[in-house]
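This report describes selected features of the structure shown below.

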Amino acid sequence: MKERFRVRGKHLKSKVMNTTKRTEISSLGEFGLIDRITQGIAPADSGTVKGCGDDAAILKFAAEEETLVSTDLFMEGVHFDLTYFPLRHLGYKVVVAGISDIYAMNGTPRQITVSIALSRKFCIEDIEELYSGIKLACERYGVDLVGGDTTSSLTGLAIGVTAIGTVPQGQAVRRNGAKETDLICVTGNLGAAYMGLQLLEREKIAAADKDIQPDFQGKEYILERQLKPEARKEIIEKLREENIKPTAMIDISDGLSSELMHICRQSGTGCRIYEERIPIDYQTAIMAEELNMNVITCALNGGEDFEILFTVPIADHEKVAAMKDVKVIGHIVSESMGLALITRDGAEMELKAQGWTPQNV
């Protein structure tokens, strides 16, 4: 399947993999490949003393700041399918996934490292496509690419991203600070990335049986949420402007239910969230209806939305309620009351996590 849609803003039009002009990686070797993909990369952040080119990057942070480090690993066939996932989009997405973790700690991302394992099916042009997306995301979020590693793979493509950030002393927000009566808030809307994935999988199956091009008209938003997500930088900045420090915070990568369970377990609390308050985009609802899926189940368990889930004291209600793209969906209760979703008809349903589990090999 070749890409036949555009994403809003700086779109990332690209082929999934290069099938015409191919320069074999063996013609450059490992060091030649590294030189090629890091060409033109110059540090922009004041904390980057030395970036790519040595055994290690040199970073310098102010004494009054704490350093945040987060690591993500992405495996072909598990986290992405190159049948329909353009390499440039993939590069952009892995950076966003990494720096979203830094924002979810109330921090500011500064640098990333990217390591890749490649099989022989990839050529130089493919890797340049991947890194064009990585560089665009770094530019968008003001992050320096300061290093990484390359190696061979027998099973396709693997990408490891380490994100490094800073937060003022004492201002980091963890998952364990939620208190009874705190409000539960989410940014944006939920389930769109999962619906985008379901659409791509459906069209992949259809295209395998027939010589047809997929029809994505009217579904651009959910595709964008799957293929080119964005981190919620502006929300973190707005919270700082309003002098709101969340009591607990996490990014929604594994689904609302899983992330809320993390907060409640680590905080020693329970929760109540309300079905009618969970934000869902129109395209998400339409796609769920087409596929005969329960849209609330998709919103609770879909994952990869990279929205922010956070709790704040009830005293901040007016401030958060007035914030654009933030929705109060419930409140924290005592641990003995458990975790529950209140349905539209007033019934209580126990929340269960359906996040990542190991796959059988």
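This is a predicted model: local features need pLDDT of at least 70, side-chain atom pairs count only at pLDDT 80 or more; totals for chains, interfaces and linings use all residues.

Arg272 belongs to strand β10, which spans residues 269-274.

What does the side chain of Arg272 meet at 2.7 Å? A polar atom of this side chain lies at that distance from the backbone oxygen of Met337. Met337 is also one of the residues that Arg272 touches, when residues up to four places away in sequence are not counted.

## Helix α7

Helix α7 is formed by residues 256-267, 12 residues in total. The distance from its first C-alpha to its last is 16 Å, close to the 16 Å expected at 1.5 Å a residue.

How many residues of α7 are buried? The helix is mostly covered, with 9 of its 12 residues buried. These comprise Leu256, Ser257, Ser258, Glu259, Leu260, Met261, Ile263, Cys264 and Ser267. In general, residues three or four places apart in an α-helix point the same way, because the helix has 3.6 residues a turn. After α7 comes Gly268, which has a positive phi, near 70 degrees.

Strand β7 covers residues 158-168. Because 9 of its 11 residues are buried, β7 is largely enclosed by the rest of the structure.

Which way do β3 and β7 run relative to each other, parallel or antiparallel? Strand β3 (residues 65-75) and β7 run antiparallel and are joined by 11 bridges. In this pairing, Leu68 stands opposite Gly165 of β7. Strand β4 (residues 108-118) is likewise antiparallel to β7, with 9 bridges between the two. Here Val114 faces Val161 of β7 as its opposite residue.

## Cysteines and disulfides

How many disulfides does the structure hold? The count is 0. A disulfide is a covalent bond between the sulfur atoms of two cysteines.

Cys123 is buried, its relative accessible area being 0%. Cys298 also counts as buried, at 3% relative accessibility. Within helix α7, Cys264 is among the buried residues.

Technical notes:
Residues are numbered from 1 along each chain as its sequence is written. Side-chain values use heavy atoms; hydrogens and water are left out. A disulfide is a pair of cysteine sulfur atoms within 2.5 Å. Buried means under 20% relative accessible area, exposed over 50%, partly exposed in between (1.4 Å probe, protein chains only). Helices (H or I, at least four residues) and strands (E, at least two) are DSSP runs, numbered from the N terminus. The expected span of a helix is 1.5 Å times one less than its number of residues. A polar contact is a pair of N or O atoms within 3.5 Å; within protein, one must be able to donate a hydrogen and the other to accept it, and residues adjacent in sequence count only if both atoms are side-chain atoms. Contact means heavy atoms within 4.5 Å. Two strands pair if DSSP finds at least two bridges between them.
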